[in-house]
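Keep the 3D view open and click along as you read.

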Amino acid sequence: MLSYPFSFKKIKGIFLKRLNRFTVEVIVNSKKTLAYLPNPGRLWELLIPNTEVLIVKNHSHTKLPYTLLACKKHNTWILLHTHLTNKIVKSLLLNKRLPFWRDWEFLKEEVSLGKGRIDFLLRNITKDCEKFMFLEVKTCTLLGKNIGMFPDAETKRGTRHIQELANLNPLNQKGALLFVIMNPDISFFMPAFHVDLTFSKNLIDLSKKLDIRAITLGFDENFEKVSFVKEVKIPFEFIEKELRDSGSYLIWIFLDDSKDIVAGKKSFFLEKGYYIYVGSAKKGLTSRINRHLRKKKKLHWHIDYLTKEAKKKMAIPIRSYEPLECIIAKKLANLGKPISGFGSSDCKCNSHLFYFEQDPLKDPKFQELLIDFRINRLTTKLLDNLSDKEKN
């Protein structure tokens, strides 16, 4: 069992809301307070109001008295502190707990490369040569039942890391990526192509030039020691087949006032609040989504008339070559109020637009729907494609 590199006293709290990228509001000892969130990801499916969290006192930050360490998901503590992920990986490397890199000697951390820095530098000395490995670590918190994904938000920095590591001189240098999944029950890792298609394509296209690994971590009951470390499989061939710019999408919309939306011959009265629209594109999914988000465009579909009036709007892609649009619409009808006849003129659905009085992004049932269609749906397909030997 590996000692956990963060021995401060941990305090249980309740997450309330995220104020900005690095600040959250929590309840500690029945009082509202603020905490530093050392994780730039979206964390939609994890940081849902009333989620149990672990925090520690922040002795160096006067404005934010606490730092958020982890949150609970399905009775498992998920480490959110990305800086601590690196400390854990450093300990694993120094203690030779990663068999695939056991022959590499740890040299230093925070190494300059290209336009930025890479987490670790390692060295391997043989009779023939001395070789250096530049290792970048990524914390993976986007989790399904059996698959972990990264990233949970678009990451140009992550794409740059892949490209810089792949461009190293192969004679005496090696680029490596380690995805650290914060759930011991996960068996497979995939790039989150729904979230960031560019990152995912770069990872797969350059995979033969890199040493790409993924591990899962488990912690003891007190969240003080790493009790479990396991390498998980990365099904590169399966991922490559799934990487396509087609599928379905959701448009999240906020109306700051009730409005009459006139779309061609139809008129819809839409209350103030939140809406989810579901559509699809057999090809050019990114272009279709970008069109919906543009302010200036020729009004054609029902959704065009609504997005023109929206105070805020955002796209949520669900990439696949399967026709999921109407299946998703039926599931959404169980969560929100269907707007009859909106966006469903070319199918048998009652509606493809759904009203929510409260933000659905903060609803655990809506987040479960996203995880099911983005991640869990792939598990059965993946297992069907793997041999018995590959599954184990």
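## Two helices side by side

Start with helix α7 (residues 325-332) and helix α8 (residues 364-385): their axes come within 11 Å and cross at roughly 160°. An angle over 145° counts as roughly antiparallel, so α7 is roughly antiparallel to α8. The crossing of α7 and α8 is right-handed. On the α7 side, the contact is made by Ile327, Ile328, Lys331 and Leu332, and on the α8 side by Phe366, Leu369 and Phe373. Sort those contact residues by type and you get six nonpolar, no polar and one charged. Keep in mind, here and below, that this is a predicted model.

## Aromatic rings

Now for the rings. A search of the whole structure turns up 14 aromatic pairs. One of them joins Tyr249 and Tyr277, a tilted pair with 6.4 Å from centre to centre and 45° between the planes. Tyr249 belongs to strand β17 (residues 247-255) and Tyr277 to strand β20 (residues 273-281), so this pair ties together parts that are 28 residues apart in sequence. Are these two tyrosines buried or exposed? Tyr249 counts as buried, at 2% relative accessibility, and Tyr277 counts as buried too, at 7%.

Another pair is formed by Tyr275 and Tyr355, whose ring centres are 5.2 Å apart with the planes at 55°, so this pair is tilted. Tyr275 sits in strand β20 and Tyr355 in strand β23 (residues 353-356), so to speak a link between distant parts of the chain, 80 residues apart. Tyr275 and Tyr355 are both buried.

Phenylalanines get together as well: ring pairs link Phe150, Phe179, Phe189 and Phe199 into a cluster.

| Residue | Relative accessibility |
|---|---|
| Leu80 | 0% |
| Ala214 | 0% |
| Thr76 | 18% |

Leu80 lies in the loop between β7 (76-79) and α1 (82-94). Which residues does Leu80 touch, leaving aside its neighbours within four places in sequence? The contacts are Leu37, Pro38, Asn39, Leu43, Leu46, Leu47, Leu68, Leu69, Ala70, Cys71 and Thr141. Lys127 is another matter: it is 47 residues from Leu80 along the chain, and the two C-alpha atoms are separated by 42 Å.

Thr76 is found in strand β7. At 18% relative accessibility, Thr76 counts as buried, because the cut-off is under 20%. Setting aside neighbours within four places in sequence, Thr76 is in contact with Cys71 and Pro184.

Ala214 is part of strand β15 (residues 210-219). Leaving out neighbours within four places in sequence, the contacts of Ala214 are Leu178, Phe179, Ile181, Phe189, Lys230, Glu231, Val232 and Ile234. Ile181 is 33 residues away from Ala214 along the chain, with the C-alpha atoms separated by 7.2 Å.

Last stop: the backbone. Most residues other than glycine have a negative phi, and most peptide bonds are trans. Where does this chain do something else?

The peptide bond from Phe150 to Pro151 is cis, with omega near 0°.

Ser30 has a positive phi, near 70°, without being a glycine. Look for Ser30 in the loop between β3 (23-28) and β4 (31-36). Its relative accessible area is 72%, so Ser30 is exposed.

Lys96 also has a positive phi in a residue other than glycine, near 55°. Lys96 is placed in the loop between α1 and β8 (105-113). With a relative accessible area of 34%, Lys96 is partly exposed.

How values were computed. Residues numbered from 1 in each chain as written. Predicted model: local features only at pLDDT ≥ 70, side-chain atom pairs only at ≥ 80, totals over all residues. Heavy atoms only, no water. Axes fitted to C-alpha atoms, helices over the stretch in contact; angles between N-to-C directions. Helix = DSSP H or I, 4+ residues; strand = E, 2+ residues; numbered from the N terminus. Parallel < 35°, antiparallel > 145°, perpendicular 65-115°, else oblique. Left-handed = near helix turned anticlockwise from the far one by under 90°. Contact = heavy atoms within 4.5 Å. Nonpolar A, V, L, I, M, F, W, Y, C, P; charged D, E, K, R; others polar. Phe/Tyr/Trp six-rings, centres within 6.5 Å; stacked < 30°, edge-to-face > 60°. Buried < 20%, exposed > 50% of the residue type's maximum accessible area, 1.4 Å probe, protein only.
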